[in-house]
Amino acid sequence: MQEKTFLQKAMKIVPISLGLVAIFWFGSAALGLSSAVQQRLCGIVLVAMIYALLLAIPKTEFKEKTFLQNLKIKIPVITILGIVIWFLAGSFGFPVWWQIQFVAFALVGLTFFILLDLRTMKPEKGQVHSVRRLLATYALASIIFITVTAQLPQFDPEFELEKLNKPPMKLTGLAGPEVIAAGREIFEANKCFNCHKVFWEGNSDRGPNLGSKQIGLYSDDYIKSQILDPRKDQAPGFEDKKSKKAMPTYYGDDISDDEMVALVAYLKTMRDPTNIPVEGKFPNQWTWWDDPKIIEEGKVVFEGKEAATEGLNCAVCHGAAGIPMMTGALDFRNENQPDTDKMPDHLPGVMLKDWPDELWYKRVTRGVVGTPMAPWGMIFPHLYLWKAEAYARTFHDPLDKRTAKRPVPPVPTKEEIEAWKTNELFLDPLL
Ligand code: HEC
Ligand code: HEC
């Protein structure tokens with residue numbers, strides 16, 4: 001039987017693969033799998049197809065190809081493969097460094113193939129000769145390894161020394177954004193990302209996500225004390241033995257006073273004006289709406305008994321039992337109340353029970369212009385306002401009658417976070 005040509009083989013491989021892609025695509029859609037899963041399944045089939053095509057390339061006719069001829073086929077193939085691997089790894093959610101590593105493996109494969117294509121060497125003439133060749137190969141591999149790794153920043157001794165010899169940070173003369181940027185560098189340099197995510201950034205859930213937890217709502221002193229002595233006040237959901245002791249206690253020695261100011265300035269930016277804070281250890285998380293401890297603290301704020309918000313008393317107008325004391329003040333007992341129509345950005349048709357977190361936050365921090373509902377967020381720390389809101393909700397949605405917790409919001413994306421800055425969702429000054 002005659003060997004099939006590459007074209008004949010390809011005519012089989014390609015339609016079969018595309019057929020498989022179609023089956024997986026519609027099959028996974030029919031099974032209700034997410035489009036991300038769909039794309040991954042199809043991506044895997046496509047990688048398999050490329051491999052099958054590579055195998056189908058007819059064995060070289062006896063004529064040896066030149067080195068360049070070999071490269072002409074392999075480089076484009078590996079390039080395409082590298083691109084497919086890059087996007088496939090990306091769709092699986094691997095961090096960028098892993099993506100780079102996977103593609104690097106494909107390039108190592110290329111080198112390997114190139115080596116295989118080289119002309120065979122003449123057989124060794126004897127024991128000594130083969131030992132010499134062995135040593136030469138070893139030496140060559142070592143040289144390549146050392147030269148390549150020396151180029152990478154983390155292996156560059158100069159780079160490490162420079163970091164060690166860097167003069168300690170001095171804050172004098174720096175303005176806001178520079179301090180925050182310096183604080184972020186300190187966060188990175190002290191490897192806080194090893195345990196903490198900041199919204200979408202980072203890939204470890206050992207400690208709380210300082211973004212969705214909104215550590216920026218807390219006071220500078222609290223944040224500082226939690227870095228210096230993390231065991232003083234355990235983060236909710238991290239009470240287990242391992243988590244309790246996980247956060248190092250040596251940062252007081254490693255971080256200078258000025259660096260601490262910058263680090264705290266950076267952490268203070270970790271807020272989300274569109275969602276109430278999230279507590280707990282991934283994936284067992286909950287929002288403040290369903291947190292009995294927060295709701296209890298919110299009651300104290302609402303009734304004007306919180307020392308940190310002296311002068312704020314929601315109950316004076318909205319009533320301690322939810323019965324409005326002032327005409328026109330929102331009645332929190334009635335779940336079917338629309339948003340005020342006195343604000344240009346009002347949200348018609350959405351009832352109190354369905355108000356997005358963002359609306360609660362906006363109304364209570366900015367108030368309702370022209371009414372006694374003042375912009376409390378200009379005067380009082382937002383940490384306490386969120387708590388008062390969590391309590392206010394219980395008037396129409398009592399904690400003990402709830403059958404399900406409110407869903408934990410998805411972690412905001414980089415683009416959404418950028419948008420908060422331009423949408424004026426944050427108040428200035430931030431309390
Ligand atoms: C080895 C893991 C690890 C590293 C590294 C780490 N943390 Fe933590 N961190 C944790 C864990 C676990 C918790 C939760 C338990 C607790 O409250 O102590 C926590 C808690 C915190 C809290 C308190 C959160 C709250 O709810 O009050 C802050 C703030 C914090 N970390 C900041 C940092 C900063 C800043 C760095 C870097 C300088 C850092 N962490 C490095 C594991 C770590
Ligand atoms: C001085 C009286 C007063 C105080 C104190 C007060 N409110 Fe109000 N609040 C009002 C009035 C009046 C309205 C109705 C505004 C309007 O006409 O739409 C209102 C409306 C609201 C609304 C609804 C806004 C909308 O879109 O309809 C919310 C939510 C609210 N208050 C929460 C609070 C919370 C939480 C506190 C305490 C942190 C508080 N209020 C303190 C008087 C007050």
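**Exercise 1. A loop and its peptide bond**

In which loop is P283 found?

*Solution.* P283 belongs to the loop between β1 (278–281) and β2 (284–287). Helices (H or I, at least four residues) and strands (E, at least two) are DSSP runs numbered from the N terminus. The bond between F282 and P283 is a cis peptide bond, with omega about 0°. For background, most residues other than glycine have a negative phi, and most peptide bonds are trans.

The model is predicted: local features require pLDDT of at least 70 and side-chain atom pairs count only at pLDDT 80 or more, while totals for chains, interfaces and linings use all residues. Residues are numbered from 1 along each chain as its sequence is written, and chains are lettered from A and ligands numbered from 1 in the order in which they are written.

**Exercise 2. Overall form**

*Solution.* 
- Step 1. The protein contains 16 helices and two strands.
- Step 2. The C-alpha trace spans about 100 × 60 × 40 Å along its principal axes.
- Step 3. Of the 431 residues, 20% are buried. A residue is buried if 20 or more other C-beta atoms lie within 10 Å of its own, exposed if 12 or fewer, and partly exposed in between; the C-beta atoms are placed from the backbone.
- Step 4. The protein is divided into domain 1 (6–120), domain 2 (130–162), domain 3 (176–270) and domain 4 (290–422), with bounds from an automatic or database domain assignment. The C-alpha centres of domain 1 and domain 3 lie 42 Å apart.

**Exercise 3. The largest nonpolar core**

*Solution.* 
- Step 1. A nonpolar core is a set of buried Ala, Val, Leu, Ile, Met, Phe, Trp, Tyr and Cys residues joined through C-beta atoms within 7 Å.
- Step 2. The largest such core has 42 residues, of which L263, L267, L385, A388, A390 and A392 touch the most other members.
- Step 3. At least two residues come from each of α7 (176–189), α8 (220–228), α11 (257–268), α12 (292–302), α14 (357–366) and α15 (382–393).
- Step 4. Apart from residues up to four places away in sequence, A392 touches F302, C314 and F332; contact requires C-beta atoms, placed from the backbone, within 7 Å.

**Exercise 4. Two ligand shells**

Describe the residues around ligand 1 and ligand 2 by number, nearest members and class.

*Solution.* 
- Step 1. A residue is near a molecule if its C-beta atom, placed from the backbone, lies within 6 Å of it.
- Step 2. Ligand 1 is surrounded by 27 residues, the closest being C192, C195, G207, A235 and M247. Helix α8 gives the largest share of this shell, three residues.
- Step 3. Around ligand 2 there are 25 residues, of which C314, C317, T340, P372 and M373 come nearest. Two or more residues each come from α13 (315–318), α14 and α15, and α15 gives the most, four.
- Step 4. Ala, Val, Leu, Ile, Met, Phe, Trp, Tyr, Cys and Pro count as nonpolar, Asp, Glu, Lys and Arg as charged, and the others, Gly among them, as polar. The shell around ligand 1 holds 15 nonpolar, seven polar and five charged residues; that around ligand 2 holds 16 nonpolar, five polar and four charged.

Note on methods: Two residues are in contact if their C-beta atoms, placed from the backbone, lie within 7 Å.
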